[in-house]
Amino acid sequence: MDKTSTIIFIIAAFSLGGIIIMQRNNIPANLRRGLALAAIVFIAFAFFLIVYSLATMGS
């Protein structure tokens, strides 16, 4: 598994979540729910990638 692309995805997912939280008042109401759900999915997958990479670190 390519570590560089994994790290970039993890940084991007957490950045998206942070930007959505910080700018929640400036996001239109019809986009807010979709962006929040997408960010939750991306962050959950980033956590999975972190745990997976820690579990397979020794092999």
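The expected span of a helix is 1.5 Å times one less than its number of residues. In this predicted model, helix 1 covers residues 3-22 and reaches 29 Å from its first C-alpha to its last, close to the 28 Å expected for its 20 residues. The protein chain contains 2 helices and 0 strands. Its radius of gyration is 14 Å, well over the 10 Å that the globule rule gives for 59 residues, so the chain is more spread out than a compact globule.

**Overall dimensions and surface**

- The C-alpha trace of the protein chain spans about 45 × 15 × 15 Å along its principal axes.
- Of the 59 residues in the protein chain, 17% are buried.
- The accessible surface of the protein chain amounts to about 4,600 Å², and carbon and sulfur atoms account for 72% of this area.

**Helix 1 and its packing**

- The buried residues of helix 1 are Thr-6, Ile-10, Ala-13, Gly-17 and Ile-20.
- Viewed down the axis of helix 1, these buried residues fall within an arc of 105°, so they line one face of the helix.
- That buried set packs against helix 2, which comprises residues 29-55.
- Thr-4, Ile-8, Ile-11 and Met-22 are exposed on the other side of helix 1.

**Ala-38 in helix 2**

- Ala-38 belongs to helix 2 and has a relative accessible area of 28%. Because the partly exposed class lies between the limits of 20% for buried and 50% for exposed, Ala-38 counts as partly exposed.
- Ala-38 lies 25 residues from Ala-13 in sequence, and the C-alpha atoms of the two residues are 9.4 Å apart in space.

**Aromatic pairs**

- The whole structure holds 5 aromatic pairs.
- Phe-14 and Phe-47 form an edge-to-face pair, with 5.4 Å from centre to centre and 85° between the planes.
- This pair links distant parts of the chain, since Phe-14 is in helix 1 and Phe-47 is in helix 2, 33 residues apart.
- Both partners are partly exposed: Phe-14 has a relative accessibility of 34%, and Phe-47 has one of 48%.
- Phe-48 and Tyr-52 form a stacked pair, with 6.1 Å from centre to centre and 20° between the planes.
- Phe-48 and Tyr-52 both lie in helix 2 and are 4 residues apart, about one turn of the helix.
- Phe-48 is partly exposed at 48% relative accessibility, and Tyr-52 is partly exposed at 40%.
- Phe-9, Phe-42, Phe-45, Phe-48 and Tyr-52 are joined into a cluster by ring pairs.

How values were computed: Residues are numbered from 1 along each chain as its sequence is written. This is a predicted model: local features need pLDDT of at least 70, side-chain atom pairs count only at pLDDT 80 or more; totals for chains, interfaces and linings use all residues. Side-chain values use heavy atoms; hydrogens and water are left out. The radius of gyration is taken over C-alpha atoms; the globule rule is 2.2 Å times the number of residues to the power 0.38. Buried means under 20% relative accessible area, exposed over 50%, partly exposed in between (1.4 Å probe, protein chains only). Accessible areas come from the Shrake-Rupley method with a 1.4 Å probe; for residues, only the protein chains shown count as cover. The arc is that of the directions from the helix axis to the C-beta atoms. Contact means heavy atoms within 4.5 Å. Rings of Phe, Tyr and Trp (its six-membered ring) pair if their centres lie within 6.5 Å; planes under 30 degrees apart count as stacked, over 60 as edge-to-face and the rest as tilted.
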